[in-house]
Amino acid sequence: MIELRVIGEEEAGEWDELVNKSPQSSIFHTWRWLKIVEKHTNSRLYPLIGMKGNTPIGIYPLFYFKKKGVKLALSPPPKSLLLYMGPALVDFEKMKQSRRESLLAEFQHAVDNFIASELRCNYVRIRTPPGLIDARPLRWSGYDVEPLYTYMIDLSKGVEQLWRGLSRKLRVSIERAKREGVSVESGDKEDLEFLRTSLYARFEEQGLKPSKDYYKDYLSELYDAFYPQNMKIFIAKYKGERVGGLVVLCYKSWSALWIGVPKTNLKGIYPNDLAQWEAIRWACSHGLKVYEEMDAGDDPRLRHFKAKFNPEPAIWFSAVKYSSPLFKVLERATRFVYDKFRLGGLI
């Protein structure tokens, strides 16, 4: 039988050690990232470790909210610029399939019991990381499970083969941007602020209404915690002015386009094509094995930018569970969990 431990600050080192061991984990599972998310989403973090006897089998971060009398358990929470989080498992790749299935089902059952008995939630939403491809235990536990898709680029091919894999139109665009004088530089906190305000303005143009400060303090704290080791900023400039760029996250052998690529008004020049290509080249030259163009697959407009880099779709899952059919109706009617995807994040 799997038992759960809710760990505290003094056990953060143990948590990060398990995160580092898990093939499904991401930078979003690390203790520092979770605590920053907790602070800026006004939630309560429940960092759960599943134990089989004295052996940890995985971690499961949950964020608890109480809103308008409704209790929610979410992983990740909305308005945190995160697509997925969910459980991360340890040593599962070494197990036989029967053992793996049994432990994963037991782990999910233990977490559901905790949510029902300790948190008494009306609504649960779990979004699993791309490396965890077996969503059946969530279905067995009564969740409505939906497949979603992100994009992965295998960097082991090398820069030359990656370049040949780009669409011809994209290669022409990158070369033209260079000829016209667009350059890509390593950015800093001021450049992060440029990307933030550019995205804010773009959302306003689309009729959306993000909060006035639009993640300013949140991004600033993440920058202070993770730059430059786990965060790199690529800024495209034209005639000395910033015209585009993106933020890339790095953890273990993984790198990813996280936020950025704001639309520009330059006619016939696409600086973000060059910026992303330079980010891919950088990741490849620094020994990273995969570059993810983070996506949910629910906005076909983003496909036109991302697919031309010749990535492979990778599946992940969104799972939702209600304490009763009444709360399913309530959630649809009031949208108390607001999570519209845009540009690799949640607004």
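Here is a short walk through a helix pair, the salt bridges and the cysteines of this structure. The model is predicted, so local features need pLDDT of at least 70 and side-chain atom pairs count only at pLDDT 80 or more, while totals for chains, interfaces and linings use all residues. Residues are numbered from 1 along each chain as its sequence is written, and side-chain values use heavy atoms, leaving out hydrogens and water.

Let's start with the helices. Helix α7 (residues 189-205) packs with helix α8 (residues 216-226) at an angle of about 145 degrees, their axes lying 11 Å apart. Helices here are DSSP runs of H or I with at least four residues, and strands are E runs of at least two, numbered from the N terminus; axes are lines fitted to C-alpha atoms, for helices over the stretch in contact, with angles from 0 to 180 degrees between N-to-C directions. On the α7 side, Lys189, Leu192, Glu193 and Arg196 meet Lys216, Leu219, Ser220, Tyr223 and Asp224 of α8 (contact means heavy atoms within 4.5 Å).

Next come the salt bridges, each a side-chain nitrogen of Lys or Arg within 4 Å of a carboxyl oxygen of Asp or Glu. The count comes to 17. One of them joins Arg242 to Asp191, with the closest N and O atoms 2.6 Å apart. This pair links strand β10 (residues 241-251) to helix α7, 51 residues apart in the chain.

For Cys284, the nearest cysteine sulfur belongs to Cys250, 13 Å away.

Definitions and conventions: A disulfide is a pair of cysteine sulfur atoms within 2.5 Å.
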